[in-house]
Amino acid sequence: LPQWRRSAQRDSKTGLANAMYWDRLASVELSRARERRTSTAVLLLDMDHFKRVNDDLGHLAGDSVLAAVALLLRTNIRRGDVVGRFGGEEFVILLPATEPAEAEAIAQRVRRSVAALRVPLTTAEGQPHELVGLTASIGVATSQRFGYELPSLLAAADSALLAAKGSGRNLVTMA
Ligand code: C2E
Ligand code: C2E
């Protein structure tokens, strides 16, 4: 693809689909799933206390964290799944042909991988060090309960995400 088209589709910090492009890819998958009546799930992931990383360690450290999480998602999720970044510290994943129990297991796998993540950083003095102890909260919504319309799925996943945050973070909540 020409560079101008790539940059219109990809988020430059992480290389993931940006919100608008993700929306288009996810809509295609959802209409296919609706026709075939296959179960589909949306995962909304938000990094916990991300503002602290930016405030305490600076924006470059924040960017390294976002890139590391994006790489983790790309290597822990199947190629056919649709991963995107919604801006800020929020990521979104559409899982085609996935049952609710599988979606929950995948969300837990991702949550555990984030908690085990070590992000290489450099101190102001130029010393290498690792950032550990990052966590994420994840809300999951399934077509079985919320249908095949993207806005309803995203709204449900967002409520579940808020519930995960409210219950102490580093949690997966099913809508
Ligand atoms: P599992 O890890 O317990 O996953 C159970 C089912 O959840 C999978 O059944 C699949 O339907 C769904 N699933 C799990 N992870 C993903 C994912 O990242 N994306 C999507 N779209 N669906 C996912 P399936 O395909 O019959 O696989 C059965 C078992 O085979 C898996 O159990 C796992 O132990 C193994 N497996 C399959 N593919 C891979 C893989 O690429 N890597 C690894 N490490 N194991 C795999
Ligand atoms: P992929 O399907 O794109 O999956 C990418 C990564 O997502 C996997 O890396 C794994 O970390 C995670 N993943 C995907 N599906 C599952 C699953 O069902 N369970 C679990 N626990 N993790 C899953 P990984 O394991 O290094 O595999 C790399 C590639 O090798 C996969 O890319 C896939 O193309 C192939 N592969 C590995 N195991 C299997 C398998 O059991 N069945 C099939 N059909 N392909 C597999």
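Let's start with one pairing: Leu-45 has Phe-91, in strand 3, as its bridge partner. Strand 1 and strand 3 run antiparallel and are joined by six bridges. This is a predicted model, and the points below go from its sheet to the helices around it.

- Five strands make up an open sheet with mixed pairing, and their order is 2-3-1-6-7.
- At the edges are strand 2 (82-85) and strand 7, each of which pairs on one side only.
- From one strand to the next, the twist averages 15°.

**Helices on the sheet**
- Helix 5 (residues 100-115) lies across strand 1, strand 3, strand 6 and strand 7. Relative to strand 6, helix 5 runs at about 170°.
- Helix 7 also packs on the sheet, where it touches strand 1, strand 3, strand 6 and strand 7. The direction of helix 7 makes about 145° with that of strand 6.

**A closer look at helix 7**
- Helix 7 covers residues 150-166, 17 residues in total. From first C-alpha to last it reaches 24 Å, close to the 24 Å expected at 1.5 Å a residue.
- Its buried residues include the leucines Leu-150, Leu-153, Leu-154 and Leu-161. Ala-156, Ala-157, Ala-160 and Ala-164 are buried as well, and so is Lys-165.
- Just after helix 7 comes Gly-168, with a positive phi of about 120°.

- Which residues of helix 3 (residues 50-57) are buried? They are Phe-50, Val-53 and Asn-54.
- Looking down the axis of helix 3, you will find these buried residues within an arc of 95°, so they line one face of the helix.
- Gly-58 follows helix 3, and its phi is positive, near 100°.

How values were computed. Residues numbered from 1 in each chain as written. Chains lettered and ligands numbered in written order. Predicted model: local features only at pLDDT ≥ 70, side-chain atom pairs only at ≥ 80, totals over all residues. Heavy atoms only, no water. Helix = DSSP H or I, 4+ residues; strand = E, 2+ residues; numbered from the N terminus. Expected span 1.5 Å × (residues − 1). Buried < 20%, exposed > 50% of the residue type's maximum accessible area, 1.4 Å probe, protein only. Arc of directions from axis to C-beta. Pairing = 2+ DSSP bridges. Axes fitted to C-alpha atoms, helices over the stretch in contact; angles between N-to-C directions. Contact = heavy atoms within 4.5 Å.
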